[in-house]
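Please work through the exercises below with the sequence and the model side by side.

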Amino acid sequence: MLRLQQLRKSYQVGTALQVEVLHGIDFELRRGEFTALVGPSGSGKTTLLNLIGLLDTPTGGELFLLERPTRELDDAARTALRGSSIGFVFQFHHLIQAFPVLDNVLMPALVQGARRSGELERRGLELLQAVGLAAHARKRPNELSGGQQQRVAIARALLTRPALVLADEPTGNLDTHSADEVFELLRSFNREFGCAVLVVTHDPRLAQRCDRIVDLVDGRLVGDRKVAAGG
Ligand SMILES: Nc1ncnc2c1ncn2[C@@H]1O[C@H](COP(=O)(O)OP(=O)(O)OP(=O)(O)O)[C@@H](O)[C@H]1O
Ligand SMILES: [Mg+2]
């Protein structure tokens, strides 16, 4: 469902200097695969996730998402493809404090121009139910704990039933117990909806619970292995 071919990314530093951060990444992710992306700080994990999520554009190579080459897509087409096929969970949840929890969950559909129908609200409430927070639907995000807010962010990421969920250190700010809960939620949605998940984690314990672990060091994939007893 995702294929990277010699993907490269350089950043402009100052006026003249280009620094290459990703040096020709070849990588494939199959439908429903639950994969950990690990590697030292500064190795390029977030950069890679931003490219895969069509939030940023590569400086070389090609990225196929759902069989479609994406390099040549214009902004509108990228936004549409991103909205329909990718869900994001970030380290900091980026919930909007001015809106109730339920509205935050509905946001991905609303920004795509969907009408706020009874059906959409039902879907949002179902997801909140699934993450154990249906009773908090009318509260503001800051009335919830960090772990609860991250579970709201996961419900939000799943609203459009994306084929791919990208999670950048979703448990980085959580205590062990909340981290386990958040991780298990990603796992259960992966099983239930069959969405592929690519999750950046610094926690070897959590990485061992994925199907596969890929290792990024200095902008190169240096390891790719199946986990014996994933999940
Ligand atoms: N917008 C930018 N402009 C210039 N350089 C950048 C930019 N974003 C990232 N970099 C550089 O690219 C490299 C990779 O950064 P990236 O954030 O992808 O690493 P990471 O693996 O996610 O690290 P961490 O584990 O700390 O989150 C770093 O050297 C960083 O300084
Ligand atoms: Mg990062």
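Predicted model: local features only at pLDDT ≥ 70, side-chain atom pairs only at ≥ 80, totals over all residues.

Residues are numbered from 1 along each chain as its sequence is written, and side-chain values use heavy atoms, with hydrogens and water left out.

**Exercise 1.** Determine how helix H3 and helix H4 pack.

Solution. Begin with the axes (lines fitted to C-alpha atoms over the stretch in contact): those of H3 (residues 101-111) and H4 (residues 118-130) lie 9 Å apart, at an angle of about 120 degrees. H3 is therefore oblique to H4, since angles under 35 degrees count as roughly parallel, over 145 as roughly antiparallel, 65 to 115 as roughly perpendicular and the rest as oblique. Next, list the residues in contact (heavy atoms within 4.5 Å): H3 contributes Val101, Leu102, Val105, Leu106, Ala109 and Leu110, and H4 contributes Leu120, Glu121, Gly124, Leu125 and Leu128. Sorted by class, these comprise nine nonpolar, one polar and one charged residues, with Gly counted as polar.

**Exercise 2.** Identify which residues of helix H2 are buried, and what they pack against.

Solution. Within H2 (residues 75-85), the buried residues (under 20% relative accessible area) are Arg78, Leu81, Arg82, Gly83 and Ser85. These pack against strands S4 (60-65), S5 (68-69), S6 (86-89) and S7 (164-168).

**Exercise 3.** Describe the surroundings of Leu186.

Solution. Leu186 belongs to helix H6 (residues 176-193) and is buried, with a relative accessible area of 2%. Leaving aside residues up to four places away in sequence, Leu186 touches Phe34, Ile154, Val165, Ala167, Pro170 and Val197.

Technical notes
Chains lettered and ligands numbered in written order. Axes fitted to C-alpha atoms, helices over the stretch in contact; angles between N-to-C directions. Helix = DSSP H or I, 4+ residues; strand = E, 2+ residues; numbered from the N terminus. Buried < 20%, exposed > 50% of the residue type's maximum accessible area, 1.4 Å probe, protein only.
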